[in-house]
Amino acid sequence: MTKRHVSLPVEADAGVAEFIDHVDERLASDEDTCNVVQDVLIDLFGDREAYERWNDGGDVSPAERVRLQGYDPCNATLESEYYAEKDEDRFQESKYLQWLWRQFDATPMADNVEFALRFRAMLADHLFEECGDDCRFFKGISFTYGHNISVGDNVVVHDDVHLDDRGQLTVGDRVSISDGVHVYSHDHDIVDQTEVRNYHTIIEDDARVTYDAMVSAGSRVGENAVVGARAVVQGDVPDHHIAVGMPAKSVRIKPGWEDSADPLEAGGENRQESRRIEYDLPDDLDVFDEFQRNLDPST
């Protein structure tokens, strides 16, 4: 083992447990999630007195008003809110929870690792489609929605990781995702980048995706496989393979797994289209092209 057990002082640990259990119970209840998020953020940021004063009609500056309004996720917009194909009903709930996750990371308490890991694991149980036991989520993790993510047991996701679940993302048991990794489940047409294709991206049990790597939409990182630092996965990494480079290429089989693994030349096969997720857009959708470009090469 390379880690040692660390715990908070007894009194501090009791306070942390009480707070997390309280938020968990409120999120699991019939109480409006938007109200729960607002209430929790007001207290986490120590703004209860100012909020009550404003709510009672007292004077606040324009900056205070914007800050106090911002605790309510209904007064915020996220980038993914603009995506035409999103599931509106599921997004409303996940938006509120994602806002709580992101704003919690902006508090000083987010640097208290023992507290923060437990708080995020609790949130993940409500936000993700599935979240296993004993998962550890560090600071600065971002999602597209959150509700299209399934995570197994004993998963660790380190700092500043982006988990794109515009399509679907499945992460198996005991997976390690290192700092700065980006995992995608959508991409864009090379001519018309407003045309979006969604995919199912898979990281299998016991896989490790290391620093600053990128896993492209529709890829599969195999069981017990390793993606090297800053590698760009554009196809599949077979079970037990070690893949490095841009684009990632299988260069080695994990020692001891030679008899179980496919040959190195089997790595990199692109099965993206087999994992494509089709979607329909509402007929009455009011769409716009943010780029307003002419895509006709003859004009």
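Colleague: Which residues in helix 1 meet helix 2, and which residues in helix 2 do they meet?

Modeller: This is a predicted model, in which local features need pLDDT of at least 70, side-chain atom pairs count only at pLDDT 80 or more, and totals for chains, interfaces and linings use all residues. Residues are numbered from 1 along each chain as its sequence is written, and side-chain values use heavy atoms, with hydrogens and water left out. Helices (H or I, at least four residues) and strands (E, at least two) are DSSP runs numbered from the N terminus, and contact means heavy atoms within 4.5 Å. In this case Phe19, Val23, Arg26 and Leu27 of helix 1 meet Thr33, Asn35, Val36, Asp39, Val40 and Leu44 of helix 2. By class, the residues of this contact are 6 nonpolar, 2 polar and 2 charged. In that division Ala, Val, Leu, Ile, Met, Phe, Trp, Tyr, Cys and Pro count as nonpolar, Asp, Glu, Lys and Arg as charged, and the others, Gly among them, as polar.

Colleague: At what angle do helix 1 and helix 2 pack?

Modeller: Axes are lines fitted to C-alpha atoms, for helices over the stretch in contact, and angles run from 0 to 180 degrees between N-to-C directions. Angles under 35 degrees count as roughly parallel, over 145 as roughly antiparallel, 65 to 115 as roughly perpendicular and the rest as oblique. Helix 1 (residues 10-28) and helix 2 (residues 33-44) pack at about 160 degrees, with their axes 9 Å apart. The two are therefore roughly antiparallel to each other.

Colleague: Is the crossing of helix 1 and helix 2 left-handed or right-handed?

Modeller: A crossing is left-handed if the near helix is turned anticlockwise from the far one by less than a right angle, and right-handed if clockwise. The crossing of helix 1 and helix 2 is right-handed.

Colleague: Are helix 2 and helix 5 roughly parallel or roughly antiparallel to each other?

Modeller: Helix 2 and helix 5 pack at about 10 degrees, with their axes 9 Å apart, and are therefore roughly parallel. Helix 2 contributes Thr33, Cys34, Val37, Val40, Leu41 and Leu44 to the contact, while helix 5 contributes Glu93, Tyr96, Leu97, Trp99, Leu100, Gln103 and Phe104. These residues divide into 10 nonpolar, 2 polar and 1 charged.

Colleague: Is Leu97 buried or exposed?

Modeller: Buried means under 20% relative accessible area, exposed over 50%, and partly exposed in between (1.4 Å probe, protein chains only). Leu97, which is found in helix 5 (residues 88-104), is buried because its relative accessibility is 2%. Not counting residues up to four places away in sequence, Leu97 touches Leu27, Thr33, Leu123, His126 and Leu127. By contrast, the C-alpha atoms of Leu97 and Asp59, 38 residues apart along the chain, are separated by 30 Å.

Colleague: Is Arg120 buried or exposed?

Modeller: Arg120 counts as buried because its relative accessibility is 2%. Arg120 lies in helix 6 (residues 113-127). Leaving aside neighbours within four places in sequence, Arg120 is in contact with Trp101, Phe104, Asp105, Ala110, Phe137, Phe138 and Lys139.

Colleague: To how many disulfides does the count come?

Modeller: A disulfide is a pair of cysteine sulfur atoms within 2.5 Å. By this rule the count is 0. The sulfur of Cys135 is 4.1 Å from the closest cysteine sulfur, that of Cys131, which is too far for a bond. Cys135 is buried, with a relative accessible area of 7%, whereas Cys74 is partly exposed at 42% relative accessibility.

Colleague: Which peptide bond is cis?

Modeller: The bond from Met246 to Pro247 is cis, with omega near 0 degrees. Pro247 is found in the loop between strand 17 (241-244) and strand 18 (249-253).

Colleague: What is the phi of Asn154?

Modeller: Phi of Asn154 is near 55 degrees, a positive value in a residue other than glycine. Asn154 lies in the loop between strand 4 (149-151) and strand 5 (156-157), and is partly exposed at 35% relative accessibility. His240 also is not a glycine, and has a positive phi of about 70 degrees. His240 lies in the loop between strand 16 (232-233) and strand 17, and is buried, with a relative accessible area of 6%.

Colleague: How many helices and strands does the secondary structure of the protein chain come to?

Modeller: The protein chain has 6 helices and 19 strands. Its C-alpha trace spans about 70 × 65 × 30 Å along the principal axes. Of its 299 residues, 44% count as buried. Among contacts in the protein chain with a separation of 6 or more, 38% are between residues 24 or more positions apart.
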